Amino acid sequence: MGSSIFLGIFWHFVGATSAACFYAPLKKVKNWSWETMWSIAGLFSWIILPWSISYFLLPDFWAYYGSFGSQILMPVFLFGAMWGVGNVGYGLTMRYLGMSMGIGIAIGITLIVGTLMTPILQGKFGELVASTGGKMTLLGVAVAVVGVAIVTYAGLLKEKTLGVQVVDFNLKKGLLLAIMCGIFSAGMSFAMSAAVPMHTKAAELGVDNLYVALPSYVVIMGGGAIVNLGFCISRLFIKKELSFKQDISVPKSLLISNVLFAILGGAMWYFQFFFYAWGHANIPTEYGFMSWMLHMSFYVLCGGIVGLVLKEWLGTGTKPVRVLCIGCLVIIVAANIVGLGMAN
């Protein structure tokens with residue numbers, strides 16, 4: 001396996017680790033509505049960090065974005081908004097199916113859609129199937145889906161053992177939302193593909209290859225921010241039981257800690273895609289669509305590892321943990337198969 005491909009897989013793993021851990025600081029936020037917490041974290045991760053880092057990277061921030069017409073910017077923005085819709089649906093999926101089933105179905109679908117639709121839409125799927133390396137990468141995708149399914153089954157065993165009940169369980173509504181969430185969340189993969197001209201322009205301006213994707217995040221995450229912040233702000237205004245004014249009226253010490261934890265969570269969320277860009281830069285161009293598969297499968301893998309480290313599986317018995325470990329090993333095998341396929 002080439003050193004560049006190995007680095008690409010490694011950085012995708014680092015990004016997925018950040019994604020798997022980002023909610024830990026948010027759990028420390030007290031006496032705030034979810035909408036306020038998500039908005040503060042999102043303001044930092046979707047707007048402040050992408051704009052600040054891009055402003056630092058680009059020789060002329062405004063001239064760079066002004067050099068693109070709507071035919072470039074609009075698809076990137078709309079795919080970002082599509083991904084934002086998937087984000088909103090993600091939480092609702094958990095509500096109706098529970099954590100394990102919701103995450104498993106949603107991520108399984110977004111992994112398949114986000115990975116395979118790009119070469120299909122580009123008319124390159126036939127070439128992929130015809131080559132030995134392409135066949136191996138597709139096999140890796142299939143193995144990754146199996147790994148996600150096994151980890152999901154482990155989560156279901158865990159919930160059953162711990163007696164976790166989904167209060168609003170609704171299989172029909174939950175499956176519909178999971179499918180919607182899985183498809184719309186793949187918008188990030190489509191946005192990255194649509195943003196290739198932006199990456200090329202950044203490289204022409206002297207931006208290091210590891211960072212060329214980061215300026216496009218201003219547009220991608222701008223689309224996602226409008227959807228997410230619009231959803232949260234509308235709920236804060238419409239729902240009588242929610243109050244932003246009340247949330248920020250907590251004691252000063254708690255307000256400061258809440259803001260800091262929200263910012264930390266938002267930063268960790270952003271840095272999943274910061275390292276995603278590093279990973280993507282090291283993946284061969286013809287296999288760029290595999291970045292999404294690596295990110296999503298590693299997200300499930302790291303989520304399982306983080307759960308074990310945080311002792312969330314204590315008291316569940318040996319079977320759920322054993323199944324979880326098998327699922328994690330299958331995902332690792334899938335990543336190696338993909339790597340070997342790209343190397344060929």
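**Helix packing and core organisation in the predicted model**

The crossing of helices H14 and H15 is right-handed. In this predicted model, H14 spans residues 252–281 and H15 spans residues 290–309. The two helices pack at an angle of about 135°, and their axes are 10 Å apart. Angles over 145 degrees count as roughly antiparallel and those from 65 to 115 as roughly perpendicular; H14 and H15 are therefore oblique to each other. On the H14 side, the contact is made by Gln 272, Phe 273, Tyr 276 and His 280, while H15 contributes Ser 291, Trp 292 and His 295. Classified by residue type, the contact of H14 with H15 comprises 3 nonpolar and 4 polar residues, with no charged residues.

The largest nonpolar core contains 87 residues. Within this core, the residues that touch the most other members are Met 198, Tyr 217, Tyr 270, Phe 273, Met 293 and Leu 294. The largest share of the core, 11 residues, is supplied by H14. For Tyr 270, residues up to four places away in sequence being left out, the contacts are Ser 45, Leu 49, Pro 50, Ile 53, Leu 214, Tyr 217 and Met 221.

A second, separate core consists of 5 residues, including Met 82, Ile 109, Val 113 and Phe 190. Phe 190 is also one of the buried residues of helix H10. Helix H10, formed by residues 187–194, is mostly covered, with 6 of its 8 residues buried. Besides Phe 190, the buried residues of H10 are Gly 187, Met 188, Ser 189, Ala 191 and Met 192.

Asn 258 is also located in helix H14. The relative accessible area of Asn 258 is 0%, and the residue is buried. When its neighbours within four places in sequence are set aside, Asn 258 is in contact with Lys 28, Val 29, Lys 30 and Trp 32. Asn 31 occupies the loop between helix H2 (23–26) and helix H3 (34–57). In Asn 31, phi is near 60°, a positive value in a residue other than glycine. The relative accessibility of Asn 31 is 60%; because exposed means over 50%, Asn 31 counts as exposed.

Helix H8, residues 132–162, includes Ala 154. Ala 154 has a relative accessibility of 0% and counts as buried. Apart from neighbours within four places in sequence, the contacts of Ala 154 are Trp 313, Pro 320, Val 323 and Leu 324. The C-alpha atoms of Ala 154 and Arg 322 are 8.1 Å apart, although the two residues are 168 residues apart in sequence.

Glu 159 lies in helix H8 as well. With a relative accessible area of 13%, Glu 159 is buried, since the cut-off for burial is under 20%. Between the C-alpha atoms of Glu 159 and Ala 41, which are 118 residues apart along the chain, the separation is 28 Å.

Terms used:
Residues numbered from 1 in each chain as written. Predicted model: local features only at pLDDT ≥ 70, side-chain atom pairs only at ≥ 80, totals over all residues. Heavy atoms only, no water. Axes fitted to C-alpha atoms, helices over the stretch in contact; angles between N-to-C directions. Helix = DSSP H or I, 4+ residues; strand = E, 2+ residues; numbered from the N terminus. Parallel < 35°, antiparallel > 145°, perpendicular 65-115°, else oblique. Left-handed = near helix turned anticlockwise from the far one by under 90°. Contact = heavy atoms within 4.5 Å. Nonpolar A, V, L, I, M, F, W, Y, C, P; charged D, E, K, R; others polar. Buried < 20%, exposed > 50% of the residue type's maximum accessible area, 1.4 Å probe, protein only. Core = buried A, V, L, I, M, F, W, Y, C linked by side-chain atoms within 4.5 Å.
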